[in-house]
Amino acid sequence: MSGNLLPGALIGGRYKIINYLGEGGMQYVYVARDNLTERNVALKTPKNKSATKRFRRSAIVAAKVNHPNVAKTLDYIREDESRYLIEELIVGSDMKAALLDKAEYLDPYLVAKILHHLAKGVAAAHHAGVVHRDLKPTNIMICGQYSLTELKVTDFGIAKMASEELVQAVEGGEESLTTSQTAVGALPYMAPEAIETPRDVTEAADIWSIGAMTYHLLCGKYPYGQGLRAVPKIVEAAEPEIPQFVMRNPQFAPLATEIIEIMLSCLRKNPNDRPTADDLVQKCSQLCYSVSDRTIGVVNNFMYSAYGFITTEQGSVFYHKNSVYGDLPKIGDEVVLASYDGGYAPRALPVLKLAKN
């Protein structure tokens, strides 16, 4: 058990702690039972006095945003010197844990789906006058894993506090950048102006972060690296190199090309040259991508260097190498795939090798 709340503790005469869930740079997170509505919720409490002072303001900021792609803020509790933020409980994992811990990159179909939902959530926030400032995979919650049944942006309020820590880290110099947990996680997705003029960040910084995450998902690496070596590259904001495998397969090249065009527009150095979140939503609505459920399987054979079969819980699925995004899997490799009726046997499209254990 981490944090300072034990199972059974009652907060605000209403929220009963069930268990500890995890922690971020600024807060501990618990699963609690709302005894009034009889549903489970996420209960967050600040980790230190500095965060405590800003928790109410952060709750107010977060409550302004209401959209299916944003985690809902439900309540705010103050008891003596303690503060508690009550949010919608999302039964899933953050994007890093759900998607990137087992796959180095994702296929364009899935990237387009993520980008579309992410843009809609951020657009809703911007309409409410709220800038996140700390968008990164650990602040994006995913339900359904690779089937992506839901995507929700979280911690709009907490990110307001995190942004102040980011400002202090940037202004404190190299030592602060490398010792701040918040800064280390955010740096690969930080816009140039968040480093050069951190107190003057606008909605355009969120757009940059969306572009950086999109690059990471599609290409399997950070656009400008991570750590202090990334800082001058981010500030320069030259177009990042696109790995050859992204465009290698004609099956995926057209959609990948469209995604890259959108992504590069988000990574323009001048904030005024980037699209708005509304622009992104409109562009993503024109992308043609599959929304089929995904399943996990294991390659059981590969014949004539062209095709084979994948064993899944639902049965055997045929696949061709042209349906694979990225590295071709070998016999025994685990893959994630969508399938459709192929007549003799279900056919897989797309197929993505899960390279990480």
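Predicted model: local features only at pLDDT ≥ 70, side-chain atom pairs only at ≥ 80, totals over all residues.
Residues are numbered from 1 along each chain as its sequence is written, and side-chain values use heavy atoms, with hydrogens and water left out.

Three strands make an open sheet, ordered β7-β8-β9, with antiparallel pairing; two strands pair if DSSP finds at least two bridges between them. The edges are taken by β7 (93-94) and β9, each with a single partner strand, so one side of each has no neighbour in the sheet. Between β8, residues 140-143, and β9 there are four bridges in the antiparallel sense. In that pairing, Met 141 is opposite Lys 152 of β9.

The loop between β8 and β9 holds Gln 145. Its phi is positive, near 45 degrees, and Gln 145 is not a glycine. Is Gln 145 buried or exposed? Gln 145 has a relative accessible area of 52%, so it counts as exposed. The cut-offs are under 20% relative accessible area for buried, over 50% for exposed and partly exposed in between, with a 1.4 Å probe and protein chains only.

A second case of this kind is Tyr 304, with phi near 55 degrees, again positive in a residue other than glycine. Tyr 304 sits in the loop between β10 and β11 (307-312). Its relative accessibility is 70%, so Tyr 304 is exposed.

Side chains of opposite charge can pair when their charged atoms come close. A salt bridge here is a side-chain nitrogen of Lys or Arg within 4 Å of a carboxyl oxygen of Asp or Glu. The whole structure contains 13 salt bridges. Which residue does Lys 152 pair with? The partner is Glu 88, and the closest N and O atoms are 3.3 Å apart. This pair joins distant parts of the chain: Lys 152 is in strand β9 (residues 150-153) and Glu 88 in strand β6 (residues 82-88), 64 residues apart. Lys 152 counts as buried because its relative accessibility is 4%.

Next, Glu 334 and Lys 102 form a salt bridge with closest N and O atoms 2.7 Å apart. Glu 334 is partly exposed at 29% relative accessibility, and Lys 102 is partly exposed at 32%.

The loop between α2 and α3 also holds Asp 107, which lies 187 residues from Arg 294, a residue of the loop between α12 (277-284) and β10 (295-303). The side chains of Arg 294 and Asp 107 form a salt bridge, 2.9 Å from N to O. Arg 294 is buried at 12% relative accessible area, and Asp 107 is buried at 0%. Elsewhere, Arg 14, Asp 34 and Asp 75 are linked in a network of salt bridges.

Now the interior. A nonpolar core is a set of buried Ala, Val, Leu, Ile, Met, Phe, Trp, Tyr and Cys residues joined through side-chain atoms within 4.5 Å. How many residues are in the largest nonpolar core? There are 77, and Leu 106, Ile 114 and Ile 140 have the most contacts inside it. Helix α3 supplies the largest share, 12 residues. Another core lies apart from it, with 13 residues, including Tyr 15, Tyr 30, Tyr 84 and Ile 86.

Ile 140 has contacts, meaning heavy atoms within 4.5 Å, that include Leu 118, Leu 151, Lys 152 and Met 213.

Helix α8 covers residues 203-219, and its end C-alpha atoms are 25 Å apart, which agrees with the 24 Å that its 17 residues should span at 1.5 Å a residue. The expected span is 1.5 Å times one less than the number of residues. In α8, 16 of the 17 residues are buried. After α8 comes Gly 220, with a positive phi near 80 degrees.

Last, the peptide bond between Leu 349 and Pro 350 is cis, with omega about -5 degrees. Pro 350 is in strand β15 (residues 347-353).

Methods
Helix = DSSP H or I, 4+ residues; strand = E, 2+ residues; numbered from the N terminus. Lists of a residue's contacts leave out its neighbours within four places in sequence.
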